[in-house]
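Biologist: I would like to learn how to read a helical model, one feature at a time. Could you take me through it?

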Amino acid sequence: MTEESLIEGCISGKREFQELLYRQYSGKMLAICCRYVRSREEAEDIAQEAFVKVFRNIHTFQRLGPLENWIKRIMVNTALAYLRKQKRGIDFADIDHVKHHPHSEQDTLSDINAKDLVALVQNLPSGYRAVFNLFVMEGYSHEEIAAMLGISEGTSKSQLAKARNWLKKNINANLSAKSGQNLTEAQTK
């Protein structure tokens, strides 16, 4: 089935086409939602709400790019709206100056598996997590992030720097703990 026929079927309100669209994109979109919140249940709620928006508004899809990108944008915007509604909100640290410390992310990341990395990203403080996901994962510029979150570009940049430093520190701690565990297991054998 072509993307065009899938879109037209959803615009017509045909459940079988909506189900096909959902099955095709739900896994990827849930993964996106998981990056913004700490629990899978919250991510599932966000994804469900976002898919409702997709089906209600698919007639506005202008076909200027892939459908997946349009759906992804709805997921991200719904996740950000969810975070804003929460009592805890998105906490942004007040930082006037951020020192940039060069580091080799490739060396650190090559030793950690994807599941552990996703868990670490989910445990980032909310402000760090939002900016990190928008910049690194979604590819938004600091100017776009600032507009989306109602913060300055400088705050966006500082939150990204702090998120990277937080992740590096916690990845290294995670790796140290695992290597200690592996050493202990090897000694007991």
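**Reading the model**

Modeller: Histidine 142 is a place to begin; this residue is found in helix α8, which covers residues 142-149. Keep in mind that the model is predicted.

Biologist: Is histidine 142 buried or exposed?

Modeller: Buried means under 20% relative accessible area. Histidine 142 has a relative accessible area of 13%, so it counts as buried.

Biologist: Which residues is histidine 142 in contact with, leaving aside its neighbours within four places in sequence?

Modeller: They are Phe135, Glu153, Ser156, Lys157 and Leu160.

Biologist: What does the protein look like as a whole?

Modeller: The protein has 9 helices and 0 strands, and from the N terminus on its elements run α-α-α-α-α-α-α-α-α. Of its 189 residues, 39% count as buried. The protein exposes about 11300 Å², and carbon and sulfur atoms supply 50% of that area.

Biologist: What describes two packed helices?

Modeller: Two packed helices are described by the angle between their axes and the distance between the axes. Here, helix α2 (residues 15-34) and helix α3 (residues 40-57) have axes that come within 9 Å and cross at roughly 135 degrees. That angle makes α2 oblique to α3. The crossing in which α2 passes α3 is right-handed.

Biologist: Which residues make the contact of α2 and α3?

Modeller: From α2 come Gln18, Leu21, Tyr22, Tyr25, Ser26, Met29, Leu30, Cys33 and Cys34. From α3 come Arg40, Ala43, Glu44, Ile46, Ala47, Phe51, Val54 and Phe55. By class, the contact of α2 with α3 has 13 nonpolar, 2 polar and 2 charged residues.

Biologist: At what angle do the axes of α2 and α4 cross?

Modeller: The axes of α2 and helix α4 (residues 67-85) cross at roughly 45 degrees and come within 10 Å. The two helices are therefore oblique to each other, and their crossing is right-handed. In α2, Leu21, Tyr25, Lys28, Met29, Ile32 and Cys33 meet Leu67, Glu68, Ile71, Lys72, Met75 and Val76 in α4. By class, this contact of α2 with α4 has 9 nonpolar, no polar and 3 charged residues.

Biologist: Where does leucine 80 lie, and is it buried or exposed?

Modeller: Leucine 80 has its place in helix α4. Its relative accessible area is 0%, and the residue is buried. Leaving aside neighbours within four places in sequence, leucine 80 is in contact with Tyr36, Ala130, Leu134, Met148 and Leu149.

Biologist: How far apart are leucine 80 and isoleucine 46?

Modeller: Sequence and space are to be read as two separate values. Leucine 80 and isoleucine 46 are 34 residues apart in sequence and 9.6 Å apart in space, C-alpha to C-alpha.

Biologist: What of lysine 53?

Modeller: Lysine 53 lies in helix α3. Partly exposed runs between the buried limit of 20% and the exposed limit of 50%. At 29% relative accessibility, lysine 53 counts as partly exposed. Not counting residues up to four places away in sequence, lysine 53 touches Ile74 and Thr78. Lysine 53 and methionine 75 are 22 residues apart in sequence, and 9.2 Å apart in space from C-alpha to C-alpha. Methionine 75 is one of the α4 residues that meet α2.

Note on methods:
Residues numbered from 1 in each chain as written. Predicted model: local features only at pLDDT ≥ 70, side-chain atom pairs only at ≥ 80, totals over all residues. Heavy atoms only, no water. Axes fitted to C-alpha atoms, helices over the stretch in contact; angles between N-to-C directions. Helix = DSSP H or I, 4+ residues; strand = E, 2+ residues; numbered from the N terminus. Parallel < 35°, antiparallel > 145°, perpendicular 65-115°, else oblique. Left-handed = near helix turned anticlockwise from the far one by under 90°. Contact = heavy atoms within 4.5 Å. Nonpolar A, V, L, I, M, F, W, Y, C, P; charged D, E, K, R; others polar. Buried < 20%, exposed > 50% of the residue type's maximum accessible area, 1.4 Å probe, protein only. Areas by Shrake-Rupley, 256 points an atom, 1.4 Å probe, with all protein chains shown as cover.
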